[in-house]
Amino acid sequence: SGCEEHTPQEEQPKQKVASSEKKDIKRTETKPFTQELKIPEEISFSKTKKAKFSSQKSLVQIYTDKPTEVLTFRGMLPNPTIRIKRGENFDLEFTNRLPQPTIIHWHGLIVPSVMDGHPKDVIPANKTKHYHYKVDQSAGTFWYHTHPHARTGKEIYHGLSGFYIIEDDEEKRLNLPSGEFDLPLSIQDRRFDENRKLFYKDKEVPQDNNGVLGDVILVNATPFPYKNVKNRKYRLRILNSSSVRTYNLAFDGIEEFALIATDAGLLEAPLMVKNVIVSVAERIDIVIDFKDKRIGDTVTLKNLGFKEVSNLKLHPKYPDFDAKMDIMQFHISEKAEDTSSLPAKLVHIPRMKASEAVRTRTITMEMIAGGLWTLNRKPYDMYRIDERVKLGTTEIWELKNSVHMGHPFHMHGVRFQVLDRSGKIDFPTDKGWKDTVLVMPFETVRIIVKFTMPGLFLYHCHILEHEDQAMMANFFVER
Ligand code: C2O
Ligand code: CU
Ligand code: CU
């Protein structure tokens with residue numbers, strides 16, 4: 001099958017990229033909406049029994065004029081989308097062809113702790129890890145990325161992430177847009193120098209330790225792309241795989257669209273919205289209908305900006321949190337019949353009640369002396385167990401943000417529901433299954449979570465530079 005071949009590092013064409021250190025970095029020029037959106041190849045586990053990944057340095061054509069050195073799993077970007085049905089076995093051999101240890105994590109999947117990709121399980125250079133587990137959770141849009149301690153930000157920034165889509169029969173019966181009308185969109189802000197070289201932290205910008213912001217938006221590793229579409233319904237699976245930026249997404253040319261799923265699965269019913277806030281690592285699935293558009297029309301996906309999420313003073317070189325930016329365009333280019341549906345009812349979500357919880361734990365989000373972001377004032381220690389919970393029990397976790405910056409809080413090995421939040425902004429995404437939730441500045445969010453998988457798992461802020469610093473902790477689910 002096509003899943004077997006991968007390009008080892010040695011076979012990549014070699015190219016010297018000019019060093020851009022020390023001198024002021026000249027910025028790249030980007031003419032938006034000139035490149036067509038790249039669609040990741042798919043690895044379907046119904047067809048493939050076993051897949052192979054190897055983390056490797058690769059040269060890829062992000063821009064058409066010059067190649068960019070990136071990190072990939074199979075020699076190209078975007079990385080493949082994993083597509084698997086509930087009940088199928090996931091089987092993948094991962095070889096680390098990077099000079100440093102790393103590990104893959106399956107974000108949002110509820111899998112045995114040894115398969116989850118904890119940073120203490122990193123594998124050394126040129127070693128292989130065999131991942132195998134049965135997928136047993138509802139349909140949804142998930143993702144994978146590497147997770148070595150203190151280097152996750154840099155590795156994801158350079159390319160090491162991809163989509164992981166779970167399907168099930170319940171979803172299939174809904175007849176939502178599928179096939180070419182089901183588009184994954186992974187959104188990342190990045191920085192390129194004049195040689196199209198990606199650069200991560202900028203020495204002139206001390207704020208980068210609080211999160212790296214870029215001025216070029218990549219969707220599926222394509223800068224400010226366009227996509228030709230037909231005048232019918234599409235399902236868009238949107239993932240924010242940026243380092244720190246929160247997007248407030250809306251469209252020019254389409255006023256309302258249907259939110260149909262959040263991180264870990266479908267909503268009970270489509271929710272018509274005009275915009276949705278998506279913080280790092282969150283996913284939204286939406287259905288957008290181009291049927292009233294004419295051939296030749298353009299619809300633009302844009303970021304409305306979102307200042308409330310942070311009042312950190314940022315460097316004038318990079319667009320701030322409230323920057324309004326066009327992300328990509330849809331060009332309505334063909335007529336098409338639409339046989340897909342958007343049913344008024346999607347799935348049943350059993351509501352977890354506060355009364356089912358055996359206890360409440362409080363997790364604080366604070367910056368301690370030395371400017372370190374932490375949870376409960378303790379810098380991360382890979383080998384320390386911060387919370388012990390009992391398998392099969394339900395708890396309330398009260399997430400208290402006492403700083404002037406929002407933090408997307410993520411837990412491994414579970415999915416949860418949002419009980420309530422103290423802040424004023426209403427998040428439509430709070431209505432569905434979550435594995436990541438944005439806690440706004442000075443806000444308290446209460447989530448309710450049932451622990452169904454034993455073992456050691458992480459919880460952390462998903463701003464990549466925060467989790468790399470210290471804003472991460474371990475919980476242990478004991479039998
Ligand atoms: Cu995207 Cu620790 O996870
Ligand atoms: Cu995760
Ligand atoms: Cu944070």
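Over the ring of which residue does the charged end of R191 sit? The ring belongs to Y318, and the charged end of R191 is 3.6 Å from its centre. The model is predicted. A second contact of this kind involves R232, which lies over the face of F181 at 3.5 Å from the ring centre.

Nonpolar packing was examined next. In soluble globular proteins, nonpolar side chains tend to be buried together. The largest nonpolar core holds 91 residues. Within this core, F90, W106, Y164, L236, F251 and F330 touch the most other members. F330 is buried, with a relative accessible area of 0%. Residues up to four places away in sequence aside, F330 touches L183, L185, K227, V229, L236, F251, F290, D297, T298, V299 and L301.

The whole structure contains 26 aromatic pairs. One of them joins F290 and F330, with ring centres 5.6 Å apart and planes at 40°, so the pair is tilted. F290 lies in the loop between strand 19 (283-289) and strand 20, and F330 in strand 21. The two residues are 40 residues apart, and their pair links distant parts of the chain. F290 has 0% relative accessibility and counts as buried. A tilted pair is also formed by F409 and Y459, at 6.0 Å centre to centre and 50° between the planes. F409 belongs to strand 26 and Y459 to strand 30, 50 residues apart. F409 is buried at a relative accessible area of 0%. Y459 counts as buried at 1% relative accessibility. Elsewhere, one aromatic cluster is formed by F45, F53, F73, F90, F94, W106, Y131, Y133, Y144 and Y164.

The copper site was then considered. H407 (ND1), C461 (SG) and H466 (ND1) coordinate the copper ion (ligand 3), at 1.9 to 2.2 Å. Along the chain, the donors follow the spacing H-x53-C-x4-H. H407 lies in strand 26 (residues 407-411) and C461 in strand 30 (residues 455-461), so this pair ties together parts that are 54 residues apart in sequence. H407 and C461 are both buried.

Charged contacts complete the account. Side chains of opposite charge can pair when their charged atoms come close. A search of the whole structure gives 38 salt bridges. In one of them, the side chains of D202 and K317 meet at 2.9 Å, N to O. D202 lies in the loop between strand 10 (182-190) and strand 11 (216-219), and K317 in the loop between strand 20 (298-303) and strand 21 (325-334), so the pair ties together parts that are 115 residues apart in sequence. D202 counts as buried at 4% relative accessibility. K317, at 23%, counts as partly exposed.

R361 and E387 form another salt bridge, with the closest N and O atoms 2.9 Å apart. R361 sits in strand 22 (residues 359-368) and E387 in strand 24 (residues 387-390), so parts 26 residues apart in sequence are tied together. Both R361 and E387 are buried. In the salt bridge between D386 and K378, the closest N and O atoms are 3.3 Å apart. D386 is buried, with a relative accessible area of 11%. K378 is partly exposed, with a relative accessible area of 30%. A network of salt bridges links E42, R83, E167, E171, D182, R235, R237 and D285.

Terms used
Residues numbered from 1 in each chain as written. Chains lettered and ligands numbered in written order. Predicted model: local features only at pLDDT ≥ 70, side-chain atom pairs only at ≥ 80, totals over all residues. Heavy atoms only, no water. Core = buried A, V, L, I, M, F, W, Y, C linked by side-chain atoms within 4.5 Å. Buried < 20%, exposed > 50% of the residue type's maximum accessible area, 1.4 Å probe, protein only. Contact = heavy atoms within 4.5 Å. Salt bridge = Lys/Arg side-chain N within 4 Å of Asp/Glu carboxyl O. Helix = DSSP H or I, 4+ residues; strand = E, 2+ residues; numbered from the N terminus. Donors = N, O, S within 2.8 Å, 3.2 Å for Na, K, Ca; no water. Phe/Tyr/Trp six-rings, centres within 6.5 Å; stacked < 30°, edge-to-face > 60°. Lys NZ or Arg CZ within 6 Å of the ring centre and 35° of its normal.
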